[in-house]
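Grab a pencil and work through these exercises with the model open beside you. Try each task before you read its solution.

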Amino acid sequence: MAGRSEGHQREYFRLKLEHPLCADMTIVLVKGKKLEIGSAKVLVEDISAGGLRFLSHLKLPASDQLVLQFETELCAEPLKMYGHVVRSQSWEQVYYEYGVRFTMDEVQHQEVNRLVNRLAIRYRHNRGATEGCYWKGDRQAFLQELALASQ
């Protein structure tokens, strides 16, 4: 159910989003070396101060040697998060679902936590998310369009 935390023991409250949040994902470090490459759109399915889960048409390795940056807007506030993939699996046969653990300082964790809690309160009051770049259409069609555009 949207707005509920999952049943696993987690360090931070994890919010499953009513509609996936669009974010720009960029690979910023590989084995400690900075990269300057373009970004790709991804769909964030759930988020906490400790990490997030997202869908993509891109295949990425689970590695702490690959640091990703996610840029989006949550509760009308710009948000930039950094982390690495800790879990990956296929989604709908041709796309991928990833679990990311954030690698940010405590102040950044607190900022994400504040925004996640604000959104959870809105869900509880049935107000939903209005500010931010949410995808309300078919997730598979979104990923298919990205995959075709990148060929």
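A salt bridge here is a side-chain nitrogen of Lys or Arg within 4 Å of a carboxyl oxygen of Asp or Glu. One housekeeping note: this is a predicted model, where local features need pLDDT of at least 70 and side-chain atom pairs count only at pLDDT 80 or more, while totals for chains, interfaces and linings use all residues. Residues are numbered from 1 along each chain as its sequence is written, and side-chain values use heavy atoms, with hydrogens and water left out.

**Exercise 1. Find the salt-bridge partner of Arg114, and say which elements the pair ties together.**

Step 1: Arg114 pairs with Glu77, and their closest N and O atoms are 2.7 Å apart.

Step 2: Helices (H or I, at least four residues) and strands (E, at least two) are DSSP runs, numbered from the N terminus.

Step 3: Check the cover. Buried means under 20% relative accessible area, exposed over 50%, and partly exposed in between (1.4 Å probe, protein chains only). Arg114 has 34%, so Arg114 is partly exposed. Glu77, at 21%, also counts as partly exposed.

**Exercise 2. Which residues are linked in a network of salt bridges?**

Step 1: Start with the total. The rule gives 10 salt bridges.

Step 2: Take Asp46. Asp46 bridges to Arg53, with the closest N and O atoms 2.9 Å apart, and both residues are buried.

Step 3: Take Glu97. The side chains of Glu97 and Arg87 meet at 3.3 Å, N to O. Glu97 belongs to strand E7 (residues 95-102) and Arg87 to strand E6, so this pair ties together parts 10 residues apart in sequence. Glu97 is buried at 10% relative accessible area, whereas Arg87 is partly exposed at 31%.

Step 4: Join them up. The network links Arg14, Asp46, Arg53, Arg87 and Glu97.

**Exercise 3. Work out which way E3 runs against E1 and against E4.**

Step 1: Two strands pair if DSSP finds at least two bridges between them. Strand E1 (residues 15-30) and E3 are antiparallel, with 7 bridges.

Step 2: Now the other neighbour. E3 and strand E4 (residues 51-56) also run antiparallel, joined by 4 bridges. These two strands form a hairpin with 3 residues between them.

Step 3: Follow Ile47. Ile47 in E3 is the bridge partner of Leu15, and in E4 the bridge partner of Ile47 is Leu52.

Step 4: Count the covered positions. In E3, 7 of its 8 residues are buried.

**Exercise 4. Is Trp91 buried or exposed, and what does Trp91 touch?**

Step 1: Find Trp91 in strand E6.

Step 2: Apply the cut-off. Trp91 has 13% relative accessibility, so Trp91 counts as buried.

Step 3: List the contacts (heavy atoms within 4.5 Å). Leaving out residues up to four places away in sequence, Trp91 touches Leu55, Tyr96, Glu97, Arg139, Gln140 and Leu143.

Step 4: At 72% relative accessibility, Asn126 counts as exposed.

**Exercise 5. Which residues make the nonpolar surface patch of about 210 Å²?**

Step 1: Learn the rule. Patches are made of residues with over 30% relative accessible area and no salt bridge; like charges are joined within 9 Å, and nonpolar side chains (Val, Leu, Ile, Met, Phe, Trp, Tyr) within 5 Å. Accessible areas come from the Shrake-Rupley method with a 1.4 Å probe, and for residues only the protein chains shown count as cover.

Step 2: Name the members: Val30, Leu35 and Ile37.

Step 3: Check one. Leu35 lies in the loop between strand E2 (33-34) and strand E3 (40-47), and Leu35 is partly exposed at 34%.

**Exercise 6. Why does the radius of gyration of the chain agree with a compact globule?**

Step 1: Compare. For 151 residues a compact globule would come out near 15 Å, and the chain has 15 Å, so the two agree.

Step 2: The chain has 2 helices and 7 strands, in the order β-β-β-β-β-β-β-α-α, and 44% of its 151 residues count as buried.

How values were computed. Rg over C-alpha atoms; globule rule 2.2 N^0.38 Å.
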